[in-house]
Amino acid sequence: MAAPRAEADLANLNPPSSGGAFSPNTYHFLPVTEDPFVPPSPTRQANLAANGATENDAMLARPRPAFWRAETDEESSTKESSQVALGRGVGEGGKAGIWARMSTRRKLLLLAAALLVIVAIAVGTAVPLTHKSSKNSNNAVKGGGTKTSSALGGTPTATANGTALATGRDGSVVLTEDGSTFIYNNSFGGFWNAIPFSDSAQAQSDVPPLDQRWDYSTNLISGVNLGGWLVIEPFIAPALFEPFNPAGSTATPTVIDEWTLCLALGTNMSTVIENHYATFITEKDFAEIAGAGLNWVRIPVPYWMIEVESGEPFLANVAWKYFLKAITWARKYGLRINIDLHAVPGSQNGYNHSSKYGTINFLNGVMGIANAQRTLNYIRTLTEFITQPQYANVIPMLSVLNEPYAYTITLPTLRHFYLETYNMMRDISGIGEGKGPWIGFHDAFADKLPQDTHPYLIFTTPNNDTLSYQASKPCSWWSEAMNASTLGFGLTIAGEWSVAINDCGKWINNVGNGQRYDGTYITPGETTVAYDAVGSCDSWDAWWDYTPAIKAGLKNVAEAHMDSLRHWFFWTWKTGYSSQVGNIVNPQWNYQLGLEQGYIPANPRTARGVCPSLLAAAGVEVAQDPAPTLSPWMTGGTGAGTILATDQLSSFGAWPPLSLGSTVATNFPTFTPTGVVTTLQPEPTPTSLPAGVVSVGSPGNGWADSNDNGGWLVKVAGCSYPNPWSGVAATVPTAPCTGSALARRTAGPVATALPTQRA
């Protein structure tokens, strides 16, 4: 999610190849229901067949699963993080116990669920892969089972009569790596599989399991971002920043992004950051995502999970450990991953989620080329890892650069970088279906290149449009644009969107800034408010007081996005607890909370085809044409890899580019490929597995292409380099400093257990 820069309309930064532009904006962000899930009839399958219905028809009518928690994970973990940030220990006091806070009805439900689990274990009935269970329990049950350990993040299983279970369907018990258990709720026919490197798991019965082909013309991506997890954002994880930004303070905020957070935490930095990684997203989240009818996750990652340079304060390498867990969990629950390089050296947009808030030093300024070359190192290493056959089914897509700010960088300069990235990645993977990941660009060229847009309703002049009219906007603004891009360009996805109809919330527009809606927003660099107020944010922030009408209206807004965008990832799965507010914040950016409160549809399939009715209800007349089918060349078939725009090849084929924007760059510092390559190595294959469980693969060595022997791009010995984070203000050199010849790496990838910082 991007905070606005001087009211720029990012929707027009990266127009589709067909020439159209997305409008109007492109920027980016748990009380629980007590109603028990009502299971379908045990004779459902027979009844469906007798009435000529299908499993998919039944899915459309299924009720919403409830996610039970007595206390939010975010609340407890972020409170603890805040205490650690202040150098204080966490005591045993605080809220009353979990049991004391439950209603009588909830206690009875929990006891009933626990009894069912005990009975299931005593009977020892394993769940066969062909059984479509109609049972669903909403209560997570602690304890039980046999704890197992694995270097791949654990091989979670449940036990029945002493026999380890490696798979399960709706209602089965999952044992996590820390020994806790929960009930797997999935009313969509999905099943999990904990056998290491098995790709047979299926998120829902109407989408392919991981080991089968995903057809992007007929299988729609219904996904969610795991924002704020491995790239920390203040409005998603506010409790980490609140100790340094006291409520009511009039001082200029100084801890506003992950860079300044790491500096402020000092010696507590590694403890606090890793505690956030370990608690904000867990295995249970992946299970709940599949249980919510979603089939993909987009995971923003930072460059510092691979390495950091001297002077960069980030926690190096540790995020990779948790991304490995994400791979294991996604594989287990049948979810596909779009890995999104969200933060790169120098910052590609100057937003607080791009590494460091402030100036843009990626493809801009004296260090612009050198920072882009570092980024190519990381894209290369990620491509080599995910192209390995052990990971290709789980991670079919790599979005190489999140929200580059093209008003500063310029589109021609970006196209040089995109073409260089495309050539490098396809040299590793080859061209054609099944060869390498889809390459996610905002504007690009050929073979398996999904165009990524981030349509948001709010980062513009505020309004008080009715909820009915708000729900018509995605359908009228984006449906035909998505179709045009699909027809002329290829797969087009909405990598981010939310149900926010205004910019109310905590730190939506950055720490210390206000909101357009209530007239407190100040454009960066200015000193006066940018807009007159149109209302108060209080009622929109207080999600616990949302009326049925508001929930229904926001649900229509969500379904309008889902229908018009077709392939999409909601931003984001969850937002965290604020100790200053005393609750979870930013509800319109929180998919999990929306499910629990009823303003996000329990089944995204119900959104398909809703746009005509939503448009009619708002009195808006817009043609709604069927979505086009992807041509073979767009998906790796006949014609893939042939770039017909030869004029663009000649215009943008030079790398590095001779200029950045209007600035001649021939004397700018560059790197040379003489360094030792950093590879991303998985943790070892587990040596101890539960009885009856056998790994069906190996973790690989982190490097798919043994012929890719070029060196790592590094600084040239004897050359002078300005600070890579302030190169915009640096003096332009009067002559180039050249590097040595290409170094060939003949020994294969360097085998390191995890990525490590270069000396």
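This is a predicted model: local features need pLDDT of at least 70, side-chain atom pairs count only at pLDDT 80 or more; totals for chains, interfaces and linings use all residues.
Residues are numbered from 1 along each chain as its sequence is written, and side-chain values use heavy atoms, with hydrogens and water left out.

Helices (H or I, at least four residues) and strands (E, at least two) are DSSP runs, numbered from the N terminus. H17 itself covers residues 548-565, and its 18 residues reach 26 Å from first C-alpha to last, close to the expected 26 Å; that expectation is 1.5 Å times one less than the number of residues. Among its buried residues are Lys551, Leu554, Val557, His561 and Leu565, where buried means under 20% relative accessible area (1.4 Å probe, protein chains only). After the helix comes Arg566, with a positive phi near 70 degrees.

## Helix H14

H14 (residues 411-429) has 19 residues that should span 27 Å at 1.5 Å a residue, and its end C-alpha atoms are 26 Å apart, which agrees. The helix is mostly covered, with 15 of its 19 residues buried.

Why is strand E9 (residues 336-343) described as largely enclosed by the rest of the structure? Because eight of its eight residues are buried.

Strands count as paired if DSSP finds at least two bridges between them. E9 pairs with strand E8 (residues 296-302) in the parallel sense, over seven bridges; in E9, Ile337 is the bridge partner of Val297. Between E8 and E9 the chain passes through helix H10 (residues 318-333) in a right-handed β-α-β crossover, that is, with the strands pointing away from the viewer, the path from the first strand over the helix to the second runs clockwise. E9 also runs parallel to strand E10 (residues 397-399), joined by three bridges, and Leu398 in E10 is the bridge partner of Ile339.

## Nonpolar cores

A nonpolar core is a set of buried Ala, Val, Leu, Ile, Met, Phe, Trp, Tyr and Cys residues joined through side-chain atoms within 4.5 Å. The largest one has 164 residues, and Trp229, Phe286, Ile299 and Phe323 have the most contacts inside it. H10 gives this core its largest share, 11 residues.

Key
Buried means under 20% relative accessible area, exposed over 50%, partly exposed in between (1.4 Å probe, protein chains only).
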